[in-house]
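Try each task by eye before you read its solution.

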Amino acid sequence: MHPEMLAMTTLYGRTPAVERSLDYVRRQTPLPGWMNGYPMYSMWWIIILSDYYEETGVRGYIQKQVPYLRQLVAQMLGCVKETGELAYPSYFVDWPTHGTPDEIHGVRAINIIAARKAAALLRAFGEDAAPAEEMLRRLLKIGITPEESKQVLGLKYFAVGLTEEDRAKLVRGGAAGMSTFMSYYILKAVASFDREAAEAMMKEYYGAMLRLGATTFWEDFDIRWADNAGRINEFPREGQRDIHGDFGA
């Protein structure tokens with residue numbers, strides 16, 4: 001919900017639906033559970049909470065989350081070894097990277113972002129930020145070096161910044177390697193050094209969906225699927241690909 005929250009607060013400011021959603025998933029996940037069954041969703045809860053506070057300044061609402069946040073940070077710290085290695089029960093960034101070698105790098109990036117934001121939130125509310133700071137210290141002992149994933153490179157931009165090699169990988173092939181879940185992070189990273197390239201990638205990726213007849217943006221989409229594909233509101237002609245029947249995980 002992170003990019004959606006940013007969009008809604010940019011347009012409308014404080015948004016009760018965001019607050020109800022954050023409350024709901026917290027109530028549904030008593031510790032030591034992980035939100036939606038994945039530790040990364042609990043990390044995203046922290047990131048959303050922190051950025052929502054930054055966007056809206058609603059101290060009263062955030063104050064109610066602090067006891068859970070404090071315990072969640074302690075639980076996460078127990079899953080990061082002194083060496084910096086991760087010991088979570090499961091890992092997830094998005095579907096295209098799931099089960100690939102780049103996935104662990106993406107999880108580290110999310111964890112770094114969450115630890116940094118948790119420390120800032122705890123300090124802002126007069127709480128002890130030492131566990132979050134210790135977690136961050138451990139996480140930074142190991143670098144983020146994905147082989148090819150633009151999604152993970154986008155997250156790396158927010159976690160530790162990009163190298164020149166990272167920047168070259170992000171723009172290579174245009175929208176190739178984009179994913180819907182991580183498109184905000186990819187495009188934000190590219191825009192940090194080449195705004196025109198970011199706009200071109202956005203138009204190529206989401207424009208392809210629109211040309212194929214999309215009325216909503218698809219949850220998972222590989223730009224290569226659009227090659228010689230028919231529209232979703234027409235039967236494929238002989239030799240054409242069926243975008244729904246032939247693709248998707």
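A crossing of two helices is left-handed if the near helix is turned anticlockwise from the far one by less than a right angle, and right-handed if clockwise. Keep in mind that this is a predicted model.

**Exercise 1.** Work out how H8 and H9 are placed against each other.

*Solution.* 
- Step 1: Find helix H8 at residues 150-159 and helix H9 at residues 164-171.
- Step 2: Their axes are 10 Å apart, and the packing angle is about 135°.
- Step 3: H8 and H9 are therefore oblique to each other.
- Step 4: The crossing in which H8 passes H9 is left-handed.
- Step 5: On the H8 side, Lys-150, Leu-153, Gly-154 and Lys-156 make the contact, and they meet Asp-166, Lys-169, Leu-170 and Val-171 of H9.
- Step 6: Sorted by type, the residues of this contact are three nonpolar, one polar and four charged.

**Exercise 2.** Check the length of helix H2, then find what covers its buried residues.

*Solution.* 
- Step 1: H2 covers residues 16-27, and its 12 residues should span 16 Å at 1.5 Å a residue.
- Step 2: The end C-alpha atoms of H2 are 16 Å apart, which agrees.
- Step 3: Val-18, Glu-19, Leu-22, Asp-23, Val-25 and Arg-26 are the buried residues of H2.
- Step 4: Their cover includes helices H1 (2-12), H3 (39-56), H4 (59-63) and H5 (66-77).

**Exercise 3.** Decide whether His-105 is buried or exposed.

*Solution.* 
- Step 1: Look for His-105 in helix H6, residues 103-124.
- Step 2: Its relative accessible area is 16%, and buried means under 20%, so His-105 is buried.
- Step 3: Beyond its neighbours within four places in sequence, His-105 touches Gly-143, Ile-144, Thr-145, Pro-146 and Val-152.

Conventions:
Residues numbered from 1 in each chain as written. Predicted model: local features only at pLDDT ≥ 70, side-chain atom pairs only at ≥ 80, totals over all residues. Heavy atoms only, no water. Axes fitted to C-alpha atoms, helices over the stretch in contact; angles between N-to-C directions. Helix = DSSP H or I, 4+ residues; strand = E, 2+ residues; numbered from the N terminus. Parallel < 35°, antiparallel > 145°, perpendicular 65-115°, else oblique. Contact = heavy atoms within 4.5 Å. Nonpolar A, V, L, I, M, F, W, Y, C, P; charged D, E, K, R; others polar. Expected span 1.5 Å × (residues − 1). Buried < 20%, exposed > 50% of the residue type's maximum accessible area, 1.4 Å probe, protein only.
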